[in-house]
Amino acid sequence: MAKQPKQANTDSGRSARQARTGMDRFADPVSAGQAIGAAQNENEPRHRTESSPPRRETTASGRTTKLTPRTKGSSRRPIAPGRTERERSLHLRKIAKRKERRAKLFKVVMFLLSIVCGVLAVTTFFQIEVIDIEGLSRYSKEEVQATLGLKKGDNLFFSDRKGGEKRLREQYPFFESVWVERDLPNRMVVHIKEALPIAAVNGMHGGWFVLDKDCRVLEQTDQNGAREIAQVLGIRTSGGEPGKPLMADNLQAIEDLKTLANALETAGMAGKPTLYNLQDSDNIWFLYEERFAVCVGDTSDLSRKLAILDALIHGDQFTPSDRGSINLALGDRAITNMSLSQADVLKTARGQMEIERIKNPTAQKEEAQDEDE
C-alpha cells in the first residue's frame, strides 16, 4: 500500500515531461490535457492567490491553455511572449509611423495624379476657336490680330496673353489700354480702348504732334492732319516719339494742359474745346465749340468751374445762336459777354483781344495795400 503514492508521482512526472517535450501528442487526449495542466500548475508562481485564479481555455484537441489574468478595469492587451513593455511600446510606435508615411505617400500620389489629369484636360479640350477684337476703329482686325500673336488652335490657358497685350501697346500708340480676356470654353476676347486726340502742338522744327489727355504723343503729322484737332498755344517743343510723353521747354504748360484735359473728360466735355491758350498759367483760355471763349484762370478748383460752365451752356441762359466770352476765374460765379462776334470770340481765346482781367478778392486786397503804401 505504501508504493502507490510513489507510482502516482512517477506517472505525474512522466506526463509533465511528455507535455514539455511534445511527446504527449501520442498520448490519450484527456490524459495529455491533464498532464499539461499539472505541468502548468507546477510552473505557476507561488505568490498567486486563490482570489485571482489563472484563466484557462480548452481547445478542440483537448489542450488547456493558461491565459494571463487581467486587472479589473484595465483595457491593456497582454504583452506578447518574449517582449517587455518598452519593446511593445516601441513596436506600436513604429507601426503608427509606418501608417502615417503610407498615408502621406498616398496623398502625394493622388495630388500628382490630379495635376496630371488637370493638365491633360486643359491642353486637350480648351483650344482657341474664336478671336474677337472689340473697340477697334483705326486699324484692321487682321493687322491687329497678327501683331497680337494668337491664332486659332492655341491653348486658351497657355497662350501668351500678356505678351500680346504688350506688343499691341508698343506697336499702336493710339491704344490707350489693351486687355485680353479668356471666354471659356474656346473664345478669346481682345478689349481695346483707343485714345482720343485732344490737342496738336506745332513743333519748333516743323511738323505737328498729336497728344492725348495725358500729353502722350500719338503721332506726328502735317498741318492738314492736325486741322481737325484743337491747336495748343504756349508750348514750345522739338517733338517726341509716338507713345512717349511730349518734351517741351515749358513743363508747367504741359502739366496745365494735362490737368485741364482730364478735368474736361471727367465733366463729360472731352473733345469740345477746339483751341487751348496756355501762354499765361494764371489765365488759361480755351475755345468751346467755336462759340464761347472760356477762361478758367489757373487750374485750381476746375471741377467747380466746369460745373458752372456746363450749367450755363445746357441751361436756359443762352440760345443756340449766342456767342461770346465766359470768365470763370473767380471760381464761384461766371462773368459773360454775349455781344462778341465770331472773330472777336476767336481773338479773345487766342489772347489777341483786350479783355477785362478778373482777379480774386485776395489779389485785389494786396494791390490796394500796395497802392496805399
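Predicted model: local features only at pLDDT ≥ 70, side-chain atom pairs only at ≥ 80, totals over all residues.

Q: How many helices and strands does the chain have?
A: The chain has nine helices and 14 strands.

Q: And how much of it counts as buried?
A: Of its 373 residues, 31% count as buried.

Q: What share of the contacts comes from residues 24 or more positions apart?
A: Counting contacts in the chain with a separation of 6 or more, 49% are between residues 24 or more positions apart.

Q: Okay, helices. How do α4 and α5 cross?
A: Helix α4 covers residues 141–148 and helix α5 covers residues 161–171. Their axes come within 8 Å and cross at roughly 125 degrees. That angle makes α4 oblique to α5.

Q: Which residues meet there?
A: From α4, V144, T147 and L148. On the α5 side they meet G164, E165, R167, L168 and Q171.

Q: What types are they, nonpolar, polar or charged?
A: The residues of this contact divide into three nonpolar, three polar and two charged.

Q: New topic. What's in the largest nonpolar core?
A: That core has 36 residues. Those with the most contacts inside it are I235, L257, Y276, F286, V294 and L309.

Q: Which elements give two or more residues to it?
A: The helices are α6 (251–266) and α7 (302–314). The strands are β6 (199–202), β7 (208–211), β11 (284–288) and β12 (292–297). The largest share, seven residues, comes from α6.

Q: Take L257. What is it in contact with?
A: Leaving aside neighbours within four places in sequence, L257 is in contact with I198, A199, L211, C215, V232, I235, Y276 and L278.

Q: Which residues does the second, separate core include?
A: That core has 15 residues, including V144, F175, V190 and I192. V144 also belongs to the α4 side of the helix contact.

Q: Last one. Where does D222 lie?
A: D222 is in the loop between β8 (217–221) and β9 (231–233). With a relative accessible area of 44%, D222 is partly exposed.

Q: How far apart are D222 and N202?
A: They are 20 residues apart in sequence, and their C-alpha atoms are 9.1 Å apart in space.

Key
Residues numbered from 1 in each chain as written. Heavy atoms only, no water. Axes fitted to C-alpha atoms, helices over the stretch in contact; angles between N-to-C directions. Helix = DSSP H or I, 4+ residues; strand = E, 2+ residues; numbered from the N terminus. Parallel < 35°, antiparallel > 145°, perpendicular 65-115°, else oblique. Contact = heavy atoms within 4.5 Å. Nonpolar A, V, L, I, M, F, W, Y, C, P; charged D, E, K, R; others polar. Core = buried A, V, L, I, M, F, W, Y, C linked by side-chain atoms within 4.5 Å. Buried < 20%, exposed > 50% of the residue type's maximum accessible area, 1.4 Å probe, protein only.
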